[in-house]
Amino acid sequence: MSLQHRSDDKIQVIRTQPHQSLGCAIIDAQGREVPITEDMIRNACRELEQRLVKPAEQK
């Protein structure tokens, strides 16, 4: 996925089992392992898109 895609584009994620983990995690401030969800990734991408500075047009 690139930041150049529109945020309403749908990318299908295929899992072999319902609610299957993405297989990655972060460690929170208390040292607990927190699984990274698809929603967390989508929200991070949306936030990056909002902060993206578009390049100046070349003439």
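## Close-up views of a predicted chain

**View 1. The side chains of E47 and R51 meet in a salt bridge, with 2.9 Å from N to O.** A salt bridge here is a side-chain nitrogen of Lys or Arg within 4 Å of a carboxyl oxygen of Asp or Glu. In this predicted model, local features need a pLDDT of at least 70 and side-chain atom pairs count only at pLDDT 80 or more, while totals for chains, interfaces and linings use all residues. Residues are numbered from 1 along each chain as its sequence is written, and side-chain values use heavy atoms, with hydrogens and water left out. E47 and R51 are 4 residues apart in helix 1, so that about one helical turn separates them. E47 is partly exposed, with a relative accessible area of 40%, whereas R51 counts as exposed at 61%; buried means under 20% relative accessible area, exposed means over 50%, and partly exposed lies in between (1.4 Å probe, protein chains only).

**View 2. A salt bridge also joins the side chains of E38 and R42, at 3.0 Å from N to O.** Both E38 and R42 lie in helix 1, 4 residues apart, which is about one turn of the helix. E38 has a relative accessible area of 23% and is partly exposed, and R42, at 25%, counts as partly exposed too. Side chains of opposite charge can pair when their charged atoms come close.

**View 3. D28 and R32 bring their side chains together in a salt bridge of 2.9 Å, taken from N to O.** A search of the whole structure finds 3 salt bridges, and the pair D28 and R32 is one of them.

**View 4. The chain as a whole follows the pattern β-β-α when read along the sequence.** The chain holds 1 helix and 2 strands, where helices (H or I, at least four residues) and strands (E, at least two) are DSSP runs numbered from the N terminus. Of its 59 residues, 5% count as buried. The chain exposes about 5800 Å², of which carbon and sulfur atoms supply 52%; such areas come from the Shrake-Rupley method with a 1.4 Å probe, and for residues only the protein chains shown count as cover.

**View 5. Confidence in the chain is lowest in helix 1 (residues 38–51), at a mean of 88, and highest in strand 1 (residues 25–27), at 92.** These values are pLDDT, the predictor's confidence in each residue, from 0 to 100. The mean pLDDT of the chain is 78, and 76% of its residues reach 70 or more.
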